[in-house]
Amino acid sequence: MMKYQYLAVIFVIIMLPISLVFSAYINAQVDTLDLQISYDTKLDNTTYDAIKAFQLNTVNSSTSDIVNSKIKDIEAAANSFFTSLANNFKMEGYNSETLQEFVPALVFTLYDGFYIYSPFENTLDDETKSKLPANATYTGGEEVTGLKPYIYYSCRYVKGSMDVTITYSLDNYITIQGYDQNGKGINDAGYVLDDSLLYNSTTGEVRYRGITITSELQLREYVGDTEYAYVKINGVKYYRNANTNTWFTITNGKINQVATPFRNEDNDMGYRYYKEAYEFKERLKNYGITNLRSSDAVGVQEVQDVDGNIIYSFVDSDNKIFDFNKIEEPDSNFNNHRMAVIRYVIESNLSIALSNYNNYGTGTYEFRMPKLAEEDWARILDNVCLVSFLQGLSIGGKIYNGYSVINNNKNEEVVTENAIYIVENARIKNSTYHRVTHKGLENMVNTTTSRGVFNIDFERKSIGSTTSETTWYFYPHWDLGCYTCYVAQTNTENSINNIYEYLDGLSNKTLAKLYYTALGRERYSMYKVFRNPEEHVNAFKE
Amino acid sequence: MGDSLMTIIAIVLAAILMFVFPLMSMSDRTDDISQLTVKTATTEFVDKVRTTGRLSIDDYAAFEQEIAATGNTYDIEMEAKILDENPGKKTTQASSTRIGENVSYSMYTSQILDILSSNNEGTSKVLALKEGDMFSTSVRNTNTTLSQQLKNFFYTVAGNDTYTIAAEHGGYVTANGSGN
């Protein structure tokens, strides 16, 4: 009679341990995956913190585009990365040196190249070694972690007697060095723009996409609570004090007077951008650069996606790179080629840096570069960003190996197509600014009072008082963001991939004119390594 | 008589021990796995919105489908906190030694879905967010899972309105999602 109970009890005695072990196993797996996703999120947050530090440092500094200042800002961003890493991963107390063991590389992509922050061997030549003082803080052959030399997004092309290296950037600006089709030396740089760009050298008229680009009224901006007329040349803003007709700049939060005044005239930076792009195109034709095809590229083969499919082949695709028809639009041959070059350069340099990392790491874990997803590449190629890698942390059943890509949307490095906002009425204090894709914006603006403004000019800035310790905060533009297109994007065209096509499609050309003028002005006013800064600034002086 | 009663009790006990116990144990594991799937899917969904600044109807549908594949029904609640810097700007403009406070206002599931599913021509099916906004999602099951049913039946500890599978995730949007 009791045999049912016996059977049941025996069954339970067998089943219970099995069930317990099974449950423990599942829980361990759940915990591992749980940790992995929480680490992914934490890495995203850490990377964002580093980007935020970079933004704060660059927006408040007018010298942030100069190389040594940029290196300083990037190193500061890397430091905030490690501080934030320690906080997020509950590793407070560890110094960045310990944490560096888990971070094989940080990649800071910039306008025309990128920096890799990773360990390397500090090799010194014999002369340097012999001159090192006894108490030097560094020695030869030492392993240090820091920024490696800047790597440009460049590619070499050989065609007949032409042998050039072209450096690409995040927009349509290129730098060319080498020998042209006649074997003559070239050292040139400029923007490439659509075929519709025309310049009449007798009348001086510039037309772009059917729109006449002219100079615009002097730009005005607040410093503290006074509005000044200003001109931005090679990345630096010069403000005009109307009472004394003197000009000043703000460097590191302090006001500096400029000796020779600038010409007090309309702003023609936008006009110059298009005019010089036209002249650049003519020069490219003379050099024979316009005949280059992707197969003329030397030393590059193809770019593959995560699954090993070929996305872009330099060898097989025989596209004319500089086909000027719609060259600045997202899907042009030029842009596809440019992005393939950038991706190739980053990928090849990064995989070398990461595989070398195993030589420096003290752990037993062998690091492998994770494959970056297509959507992450799209973001890397779209704007200045930080790519961080984290590996070697134990997460239960396995070792964590992850990466994160975060864009920097507010920077002085590049003027992207969506960095221009339109102020409805630039002549009054509290006007409204809009995104270009605000529905019906073309009928709300006009060419006399409205103006396109670079997005970081709406950010808060600070300036130190000369007499006390007080810091004054101010907004260069007092305009407020539109609630239906800037704050919440409920009244915008959100599915636009090609802003040029969108603007060309509007029957009212006012918006297009404002936008193209502002885009040209801001791109032309940016700091460019290629220019001779002194000569360039002097060209605008009285 | 006493013997047959004992037999019946013994059979019932044996049935419970041999049948219900493994069933409960298995259904508990199933819920664990569902929980994991839902949590992973939610985190990935939110992190994608956060790092791209865009939420499209396709992403949302894919997310819905992924969690529905666990065999349960879920209640998805989304919230987008839209950052408004204009009030803070006014404070600083009035007194330049002060940094004003930013304000944010929320859009909830129904408003977000309204934007995503609007079918009128010319309206977008993308919710675009900007850097500084916050996005969060919480998911919980609405059906009673097998494990819940069994538990309710045997020890009635779980009330009818409780859930066993739940996931939450949220954070700052780090990218500007608009095409422009």
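## Burial and overall form of chain A

Of the 542 residues in chain A, 37% are buried; a residue is buried if 20 or more other C-beta atoms lie within 10 Å of its own, exposed if 12 or fewer, and partly exposed in between, with C-beta atoms placed from the backbone. The model is predicted, and local features need pLDDT of at least 70, side-chain atom pairs count only at pLDDT 80 or more, and totals for chains, interfaces and linings use all residues. Residues are numbered from 1 along each chain as its sequence is written, while chains are lettered from A and ligands numbered from 1 in the order in which they are written.

Along the principal axes, the C-alpha atoms of chain A fill a box of roughly 110 × 60 × 60 Å. Chain A has eleven helices and 27 strands, where helices (H or I, at least four residues) and strands (E, at least two) are DSSP runs, numbered from the N terminus. Of the contacts in chain A between residues at least 6 apart in sequence, 65% join residues at least 24 apart; two residues are in contact if their C-beta atoms, placed from the backbone, lie within 7 Å.

## Helix α5 of chain A

Helix α5(A) covers residues 269–287 and has 19 residues. From its first C-alpha to its last, α5(A) reaches 26 Å, close to the 27 Å expected at 1.5 Å a residue; the expected span is 1.5 Å times one less than the number of residues. Just after α5(A), A:Gly288 takes a positive phi of about 90 degrees.

The buried residues of α5(A) include A:Tyr271, A:Tyr274, A:Tyr278 and A:Leu284. The elements against which the buried residues of α5(A) pack are β8 (185–191), β9 (198–199), β10 (206–208), β11 (211–213) and α10 (510–525) of chain A.

## A three-stranded sheet in chain A

In chain A, three strands form an open sheet in the order β9-β10-β11, with antiparallel pairing; two strands pair if DSSP finds at least two bridges between them. Because β9 and β11 of chain A stand at the edges, each with a single partner strand, one side of each is left without a neighbour in the sheet. Three bridges join β10(A) and β11(A) in the antiparallel sense, and A:Arg207 stands opposite A:Thr212 in β11(A).

Helix α5(A) packs on this sheet, touching β9, β10 and β11 of chain A, and its direction makes about 85 degrees with that of β10(A). Helix α10(A) lies across β10 and β11 of chain A, running at about 40 degrees to β11(A). For these angles, axes are lines fitted to C-alpha atoms, for helices over the stretch in contact, and angles run from 0 to 180 degrees between N-to-C directions.

Strand β5(B), residues 134–141, has a covered face with B:Phe135, B:Thr137, B:Val139 and B:Asn141, and an uncovered one with B:Met134, B:Ser136, B:Ser138 and B:Arg140. β5(B) pairs in the antiparallel sense with β2 (residues 74–84) of chain B over eight bridges, and seven bridges join β5(B) to the antiparallel strand β6 (residues 166–172) of chain B. B:Ser138 stands opposite B:Glu77 and also opposite B:Glu168 in β6(B).

B:Asp58 lies in helix α2 (residues 57–68) of chain B and counts as exposed because it has 11 C-beta neighbours inside 10 Å. B:Asp58 and B:Lys125, 67 residues apart in sequence, are 9.0 Å apart in space, C-alpha to C-alpha.

## Contact between the chains

The contact takes 52 residues from chain A and 43 residues from chain B. On the side of chain B that touches chain A, the elements giving two or more residues are α1 (2–52), β2, α3 (86–94), β4 (126–128) and β6 of chain B. Helix α1(B) gives the most, with 20 residues.
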